[in-house]
Amino acid sequence: MSTALDSLLDLLDLERIEQDIFRGTSRSAVVPRVFGGQVAAQALVAAGRTVPADRSPSSRMNSSRGDPTAHSLHAYFLRMGDPGAPIVYTVDRIRDGRSFATRRVVAVQHGQPIFHLSASFQTYEDGLEHQADMPPAPDPETLPTAAEMLPRYADRFSDPGMVDRLVEARAAVDLRYVDAPPFATVGQPREPRSQVWFRTNGKLADDPLLHVCMATYVSDMTLLDSVLLAHGRGGWAVGDVVGASLDHAMWFHRPFRADEWLLYDQESPSASGGRGLGQARIYTQDGRLAITVIQEGVVRVPR
């Protein structure tokens with residue numbers, strides 16, 4: 001396991017300071033604010049630690065027993081987070097039903113809410129089955145790693161330290177672009193679709209909540225790339241757009257492990273009013289649809 005992954009796992013291991021109150025810290029990000037995927041993953045950790053064992057999030061790692069699974073999360077990013085201050089997560093136990101449990105989490109810094117999460121957890125049960133087919137994608141092992149790919153585009157960034165910060169921010173996760181990322185094709189509008197493969201840079205424990213939260217963390221890294229591609233924009237690191245996540249939703253469908261290859265197939269159906277929408281499906285390498293993700297963010301051209 002990499003040192004960076006160890007650090008990320010420590011970040012997700014929240015301190016319980018009361019029965020339903022938790023405290024987390026932050027790590028440095030590419031921009032001077034808390035990374036949205038971090039606060040979403042930490043909030044889901046807090047929610048999951050208050051849920052009865054038969055409804056906690058799971059990748060159904062022992063699916064023959066019918067283990068429980070996460071159902072969904074819906075989140076709003078309210079204020080920019082301060083990476084130098086702790087984040088307090090307060091969990092409301094909204095409902096514990098026979099099949100579903102619902103939790104609401106508010107993340108607070110400096111006395112103000114910065115993030116709000118609603119999450120639903122379901123006891124696993126058999127039911128009707130169908131799914132969208134996995135799209136074609138190359139073998140992830142044939143694609144360059146972030147550390148191999150990013151230095152090729154160092155001239156795209158006005159900040160000479162940007163490549164190192166991007167590599168550091170992704171050191172815990174092996175994330176590989178199928179096609180050129182937005183910052184590689186600035187000024188060349190393309191179809192608003194993108195794909196990346198990802199997995200953690202090391203093996204994870206068989207803690208079901210951990211795998212779901214790790215996928216939540218990664219889901220905020222590249223989803224709005226497809227918005228940028230449609231307009232030939234390079235992104236926040238290039239500086240030709242400014243923006244931030246507004247809201248984020250995920251539905252967990254089938255078993256997966258975040259330490260095994262997952263294909264993140266992303267597209268943008270719309271951008272308007274200073275906002276861009278991304279939607280995506282995450283597949284296991286053998287073609288099972290594991291997660292659906294939708295996110296909207298502020299995407300503005302600097303004046």
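Let's start with a word that comes up a lot here: a residue is buried when its relative accessible area is under 20%, exposed when that is over 50%, and partly exposed in between (1.4 Å probe, protein chains only). What you're looking at is a predicted model, where local features need pLDDT of at least 70 and side-chain atom pairs count only at pLDDT 80 or more, while totals for chains, interfaces and linings use all residues. Residues are numbered from 1 along each chain as its sequence is written, and side-chain values use heavy atoms, with hydrogens and water left out.

**Helix H5**

Helices (H or I, at least four residues) and strands (E, at least two) are DSSP runs, numbered from the N terminus. How many of the 12 residues of H5 are buried? The count is 11 of 12, so H5 is largely enclosed by the rest of the structure. Going along the helix, the buried ones are Leu209, Leu210, His211, Val212, Cys213, Met214, Ala215, Thr216, Tyr217, Val218 and Ser219.

Axes are lines fitted to C-alpha atoms, for helices over the stretch in contact, and angles run from 0 to 180 degrees between N-to-C directions. Angles under 35 degrees count as roughly parallel, over 145 as roughly antiparallel, 65 to 115 as roughly perpendicular and the rest as oblique. Contact means heavy atoms within 4.5 Å.

| Pair | Axis distance | Angle |
|---|---|---|
| H2 and H5 | within 8 Å | roughly 155 degrees |
| H1 and H5 | 12 Å | about 105 degrees |

The H2 angle, roughly 155 degrees, makes H2 roughly antiparallel to H5. On the H2 side, the contact uses Gly37, Gln38, Ala40, Ala41, Leu44, Val45 and Gly48, and on the H5 side Leu209, Val212, Cys213, Thr216 and Tyr217.

H1 and H5, at about 105 degrees, are therefore roughly perpendicular to each other. Here Leu5, Leu8, Leu9 and Leu12 of H1 meet Leu210, Met214 and Tyr217 of H5.

An α-helix has 3.6 residues a turn, so residues three or four places apart point the same way. In H1 (residues 3-12), the buried residues are Ala4, Leu5, Leu8, Leu9, Leu11 and Leu12. They cover an arc of only 155 degrees around the axis, which puts them on the same side of H1; the arc is that of the directions from the helix axis to the C-beta atoms. That buried set packs against helix H2 (36-48), strand S8 (193-200) and H5. Thr3 and Asp10 are exposed, on the face of H1 turned away from its buried side.

H4 (residues 162-169) has Met162, Val163, Leu166 and Ala169 buried. Down the axis of H4, these fall within an arc of 130 degrees, so they line one face of the helix. H5 turns up again here, as part of what covers the buried residues of H4.

**Loops and strands**

His110 sits in the loop between strand S5 (100-109) and strand S6 (112-122). Its phi is near 55 degrees, a positive value in a residue other than glycine. Is His110 buried or exposed? At a relative accessible area of 62%, His110 is exposed.

Ser118 belongs to strand S6 and, at 28% relative accessibility, is partly exposed. Beyond residues up to four places away in sequence, Ser118 touches Ser72, Leu73, His74, Arg103 and Arg104.

Pro83 is in the loop between strand S3 (69-77) and strand S4 (87-96), and its 31% relative accessibility makes it partly exposed. Pro83 and Pro32 are 51 residues apart in sequence, yet their C-alpha atoms are 7.2 Å apart. Setting aside neighbours within four places in sequence, Pro83 contacts Ser26, Arg27, Pro32, Arg33 and Val34.
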